[in-house]
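Hi,

Here is the structure I promised to pass on to you.

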Amino acid sequence: MHVQMQGLTRSMSRMGVQGGGGNGGTAVALGCKMVGGGSDRTLDLCARVCLVNEHETILYESFIKPSIPVTHYRYESTGIRPEYLRDAPTAKQARRRIQDILNEKTTAILVGHGLEHDLEALGMDHPAQLKRDTATYPPLMKTSGRVMSSNSLRFLTRNCLGYEIQTPGYQQHPYDDCVAAMRIYRRMRGLKHVEEKKGEEGEGFPAWRQRELERMSPKELLRRSKPDYRCWCLDDGH
């Protein structure tokens with residue numbers, strides 16, 4: 001229900017997780033919820049957005065009115081109804097607000113899961129060197145043969161953080177996605193390089209990923225490296 005979703009935001013506000021103010025670190029997490037567009041209802045249209053800082057404080061949260069007709073509200077997972085979008089800001093208005101917030105932090109690192117997809121849905125971009133995507137960061141990806149692919153945010157949250165999000169049958173709030181992505185980012189940012197951790201097997205590192213890496217030969221590890229792969233631990237001095 002709409003009242004329940006508004007109540008969630010009010011509850012977060014009472015706990016001190018709503019509203020701007022304060023620096024909150026240089027990293028900001030973005031999360032979106034999509035409804036369906038197009039005749040086959042598969043076109044993702046951003047209908048809700050949330051932005052949080054490193055302290056998990058909401059910097060911006062709003063429904064968004066898509067620029068084209070919505071053909072499927074995906075209510076079971078989004079909880080979004082037509083009336084919630086009727087007087088909502090447009091994507092252009094939301095984009096301007098988000099960019100204003102990012103511009104306040106001149107070198108803001110933008111964190112998310114499937115970040116390119118969310119940015120595309122909002123019609124915006126962010127400097128590549130300042131994007132931190134938990135879906136495409138090599139240490140968080142799964143491997144099969146010579147192929148690397150993304151793990152879901154739900155999987156990463158369960159295995160890296162030890163709790164559940166995006167539970168089937170429950171309506172999802174983008175705040176939960178923002179918080180999970182930010183916590184994963186901060187955890188990975190706080191890790192030391194593997195070569196500095198000899199004798200500390202798996203400490204602070206997902207066990208499933210550690211085992212995969214240990215089975216690889218040096219040549220395999222090299223093949224899986226990306227030319228632009230930058231360890232997030234280097235962000236500590238950002």
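**What turned up**

Tyr137, Tyr185 and Trp232 are joined into a cluster by ring pairs. Rings of Phe, Tyr and Trp (for Trp, its six-membered ring) count as a pair if their centres lie within 6.5 Å; planes under 30 degrees apart are stacked, over 60 edge-to-face, and the rest tilted.

Before you go further: this is a predicted model, where local features need pLDDT of at least 70 and side-chain atom pairs count only at pLDDT 80 or more, while totals for chains, interfaces and linings use all residues. Residues are numbered from 1 along each chain as its sequence is written, and side-chain values use heavy atoms, leaving out hydrogens and water.

Searching the whole structure gives three aromatic pairs. One of them is Phe63 with Tyr84, a tilted pair at 5.5 Å centre to centre with 40° between the planes. Phe63 belongs to strand 3 (residues 58-63) and Tyr84 to helix 3 (residues 82-85), so this pair ties together parts 21 residues apart in sequence. (Helices, H or I with at least four residues, and strands, E with at least two, are DSSP runs numbered from the N terminus.) Phe63 is buried at 13% relative accessible area, and Tyr84 is buried too, at 8%. Buried means under 20% relative accessible area, exposed over 50%, and partly exposed in between, using a 1.4 Å probe and protein chains only.

Now the strands. Strand 2 and strand 3 pair in the antiparallel sense over five bridges, and strand 1 and strand 2 do so over 10 bridges; pairing takes at least two DSSP bridges between the strands. Nine of the 11 residues of strand 2 are buried, so strand 2 is largely enclosed by the rest of the structure.

Last, the cores. A nonpolar core is a set of buried Ala, Val, Leu, Ile, Met, Phe, Trp, Tyr and Cys residues joined through side-chain atoms within 4.5 Å. The largest has 28 residues, and Tyr185 is among those with the most contacts inside it. Helix 7 (174-189) is one of the elements giving two or more residues to this core, and helix 7 gives the most, with nine.

Cheers
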